[in-house]
Amino acid sequence: SIAGDLAGVAEFSYPEEGQQYDVLLILRGCTGCPYLYEDISAAHRIVCASQAEADGAAARIAALA
């Protein structure tokens with residue numbers, strides 16, 4: 001899992017309105033959905049719409065740490 005791969009490197013939580021995040025990881029099941037949670041403030045956004053994209057998400061997050 002992404003969270004397991006980043007244990008000790010990153011902390012995961014559900015986004016809360018009014019909070020600032022270093023990275024917002026968006027996991028979604030289709031490429032046709034345009035919503036990218038623009039109302040959540042984050043320095044970086046990583047969007048995964050497929051398993052292939054999710055497989056590289058941990059490395060992308062670790063590179064930002």
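The model is predicted. The protein chain has 65 residues, of which 22% count as buried. Its secondary structure comprises three helices and two strands.

**Fold and dimensions**
- Read from the N terminus, the elements of the protein chain follow the order α-β-β-α-α.
- The radius of gyration of the protein chain is 12 Å, close to the 11 Å that the globule rule gives for 65 residues, so the chain is as compact as a globular protein of that length.
- Taken along the principal axes, the box filled by the C-alpha atoms of the protein chain is roughly 30 × 30 × 15 Å.

**Contacts and surface**
- Among contacts in the protein chain that link residues at least 6 apart in sequence, 22% are between residues at least 24 apart.

**Ala62**
- Ala62 lies in helix H3, which spans residues 57-64.
- The relative accessible area of Ala62 is 37%. Buried requires under 20% and exposed requires over 50%, with partly exposed in between, so Ala62 is classed as partly exposed.
- Asp5 is 57 residues away from Ala62 along the chain, and the C-alpha atoms of the two residues are separated by 9.4 Å.

Conventions: Residues are numbered from 1 along each chain as its sequence is written. This is a predicted model: local features need pLDDT of at least 70, side-chain atom pairs count only at pLDDT 80 or more; totals for chains, interfaces and linings use all residues. Side-chain values use heavy atoms; hydrogens and water are left out. Helices (H or I, at least four residues) and strands (E, at least two) are DSSP runs, numbered from the N terminus. Buried means under 20% relative accessible area, exposed over 50%, partly exposed in between (1.4 Å probe, protein chains only). The radius of gyration is taken over C-alpha atoms; the globule rule is 2.2 Å times the number of residues to the power 0.38. Contact means heavy atoms within 4.5 Å.
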